[in-house]
Amino acid sequence: MKKLTLSILAAAVASLSHYASAVTIRMECPTSPGGKDYCSYVKARFEKTTGDTLEFVELPAASDEKLALLQQLFAAKDEKAVDVFQSDTIWIGLLDKHTLDLTDEFGKTRDRYFKGAWNNDTLNGRLKALPFYLDVGMLYYRKDLLEKYQEQPPKTWEELTRIATKIQDEERKSGRNNFWGMVFQGKSYEGLTCNALEWINSSGGGTFVDEKGNITINNPQAAKILDLAASWIGKITPKGALGYKEEESRAVFQNGDALFMRNWPYAYQLSQGDDSPLRDKVGIMPLPSGEGGESSATLGGWQWSVNANTQNKAAVYALLKIVADDDAQKVALKTMGFTPSNPALYKDKEVLATAPQLALFAPVFDAAIARPATPTRAQYPKVSNAIFNQVFQVLNGNANGQNAVVALEKRLQRIKGQQWR
């Protein structure tokens, strides 16, 4: 009886000790459709596994508004506002001082992620975030029209120009005066930086700023491909594309008024909707390359980051291990359509049953390139602004490629000063 009493007492003490040490973690819940279902799944797993409590925080959906709010919270050193949140791909360097170094806990998990996503989230050899889901630039094309005119999907930008010109001319002869060969995001904003990075890197012209922070934009390959892109405007690309973002481009393409389109993966599922005039007529492939180069796709997507002021690292690590595992990534795909960051899942039967188009995306995700946000740190917004404004000047005819790369080099040197900071 005495031993039994002592056993009960010991169990009670252990239970009290557990509850005394239990903590509450605050995690951002995605605002996407299906986000609540995903968060309910994560909460149930986390609380059952750890005995801790998971609460959710809803941050602004707009990227710029969310960043501004996070910066306010970090400036106030508020460790209670949010522990785990989603970072845009281009925030890793910008938020370096405000996010927890995850290297010691997760540095050995590199093989579980696409190379480009992992490299984007690594700053000076230290892991500052875990990839959540991915986006990359892709080339969409009309399968039916290429077959009609006996053409193959283009491997180079020069081939795309030729094919787009030919088919546009032929379609217009049949009375389709609003038909165009190519649409993309030509407005002077972040999307144009993404397009320009793909053009230039695929031509061997680099990434504006390399991983070590060196400015590399002033080269002949970059100048040449910018001139080629400018030659599309008003010929195979409508002048109105200088005001296009993603949805404007998609509207033209999905309405059947363009042969080719550069856009993100989300557009594919919409093109295959029951109400789409292009259902079963759309192909998707890696973007073309320039002369002597290789296809390049700009990396997009979101990452899991941790507030550097968090007081609950052990619980945070436990949460990250849950959201990063295969089961959680499958749930994110089913509930929100988020493409997994683990390349192994693109061969998973369950995943492909849910989203068979992912088999087309895996090679592009694997080769995706990051914008120069990590090496340029907090100055990336100024860097991107300089890039898309200068590229826009080429597209609208106010500068040529050579003048643009020289001017952009000088502008980036002024932004950098002695070093990126």
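How many nonpolar, polar and charged residues does the lining of the largest pocket have? The lining has 27 nonpolar, 13 polar and 8 charged residues. Here Ala, Val, Leu, Ile, Met, Phe, Trp, Tyr, Cys and Pro count as nonpolar, Asp, Glu, Lys and Arg as charged, and the others, Gly among them, as polar.

This is a predicted model: local features need pLDDT of at least 70, side-chain atom pairs count only at pLDDT 80 or more, and totals for chains, interfaces and linings use all residues. Numbering starts from 1 along each chain as its sequence is written, and side-chain values use heavy atoms, without hydrogens and water.

Start with the largest pocket. Its volume is about 1,500 Å³. A pocket is an open set of points on a 1 Å grid over the protein atoms alone, where a 1.4 Å probe fits, with protein on both sides within 12 Å along at least five of seven lines; lining residues have an atom within 4 Å of a point. The volume is the space filled by probe spheres set on the points, which are joined across faces, edges and corners.

The largest pocket is lined by 48 residues. Tyr133, Asp135, Trp264, Tyr266 and Trp302 lie nearest its centre. Helix α17 (residues 380-395) gives the most to this lining, with 5 residues. Helices are DSSP runs of H or I, at least four residues, numbered from the N terminus. Domain 1 (24-135 + 300-367) and domain 2 (138-299 + 371-415) each supply at least three lining residues. These bounds come from an automatic or database domain assignment.

Now turn to the second largest pocket. Its volume is about 600 Å³. Of its 26 lining residues, Asn119, Asp210, Glu211, Thr374 and Pro375 are the closest to its centre. α5 gives the most to this lining, with 4 residues.

Terms used. Helix = DSSP H or I, 4+ residues; strand = E, 2+ residues; numbered from the N terminus.
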